[in-house]
Amino acid sequence: DPTGIWQADDGKSRYKVTYCGGDALCAKLIWLRDKDDKNRGLLNQVVVRGTQSASNKWTGTVKQADDVYSGTMVMTSEDSLKVNGCQGVFCQTVNLSRV
């Protein structure tokens, strides 16, 4: 079950993952370590939204700063979640661990 509180492996952010309609998942940015983080404007907002596309995989969108990317969330183990977002050829992956 991917719901719960997750922290980025770099320790800079935390997210609350919940179901948000059927098998769709939403991740809300709930904490940022750095006061000058470029994502400060997204605090307490849903930044990842996806519908289940395979076992332990959700496909949808990822917000970062002022951009929206095509993205996926993949639960790689009980306590590990990988979030990937791409816009054109630019891609970024964030690994999350359950808190």
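User: What does the secondary structure of the protein come to, in helices and strands?

Analyst: The protein comes to 0 helices and 8 strands. Helices here are DSSP runs of H or I with at least four residues, strands are runs of E with at least two, and both are numbered from the N terminus. Read along the sequence, the pattern is β-β-β-β-β-β-β-β. This is a predicted model, in which local features need pLDDT of at least 70 and side-chain atom pairs count only at pLDDT 80 or more, while totals for chains, interfaces and linings use all residues. Residues are numbered from 1 along each chain as its sequence is written, and side-chain values use heavy atoms, with hydrogens and water left out.

User: Why are Cys20 and Cys26 called a disulfide?

Analyst: Their sulfur atoms lie 2.1 Å apart, and the criterion is a pair of cysteine sulfur atoms within 2.5 Å. The pair therefore qualifies as a disulfide. The link of Cys20 and Cys26 is right-handed, with 80° about the S-S bond.

User: How many disulfides does the structure hold, and what pattern do they follow?

Analyst: The structure holds 2 disulfides, and their pattern is 1-2, 3-4, with bonded cysteines counted along the chain. Besides the link of Cys20 and Cys26, Cys86 and Cys91 form a disulfide with sulfur atoms 2.0 Å apart. The torsion about the S-S bond of Cys86 and Cys91 is about 115°, so this disulfide is right-handed. Cys91 is partly exposed, at 40% relative accessibility.

User: What makes the contact of Asp79 and Arg98 a salt bridge?

Analyst: The side chains of Asp79 and Arg98 meet at 3.1 Å, N to O. A salt bridge requires a side-chain nitrogen of Lys or Arg within 4 Å of a carboxyl oxygen of Asp or Glu, so the contact qualifies. The pair links distant parts of the chain: Asp79 is in the loop between strand E6 (67-77) and E7, and Arg98 is in strand E8, 19 residues apart. Asp79 is partly exposed at 39%, and Arg98 is partly exposed at 27%.

User: How many salt bridges does a search of the whole structure find?

Analyst: The search finds 2 salt bridges. Asp34 and Arg33 also meet in one, at 3.4 Å, N to O. Asp34 is partly exposed, with a relative accessible area of 24%, and Arg33 is partly exposed with 42%.

User: What makes a site a pocket, and what volume has the largest pocket?

Analyst: On a 1 Å grid over the protein atoms alone, a pocket is an open set of points with protein on both sides within 12 Å along at least five of seven lines, whereas a cavity is a set where a 1.4 Å probe fits but cannot get out. The largest pocket has a volume of about 500 Å³, volume being the space filled by probe spheres set on the points, which are joined across faces, edges and corners.

User: Which residues lie nearest the centre of the largest pocket, and which element gives the most to its lining?

Analyst: Lining residues have an atom within 4 Å of a point. The lining of the largest pocket has 26 residues, of which Tyr15, Asn39, Gln64, Gln92 and Val94 lie nearest the centre. Elements that give two or more residues include strand E2 (13-19), strand E3 (25-32) and strand E5 (57-64). E8 gives the most, with 4 residues.

Definitions and conventions:
Buried means under 20% relative accessible area, exposed over 50%, partly exposed in between (1.4 Å probe, protein chains only).
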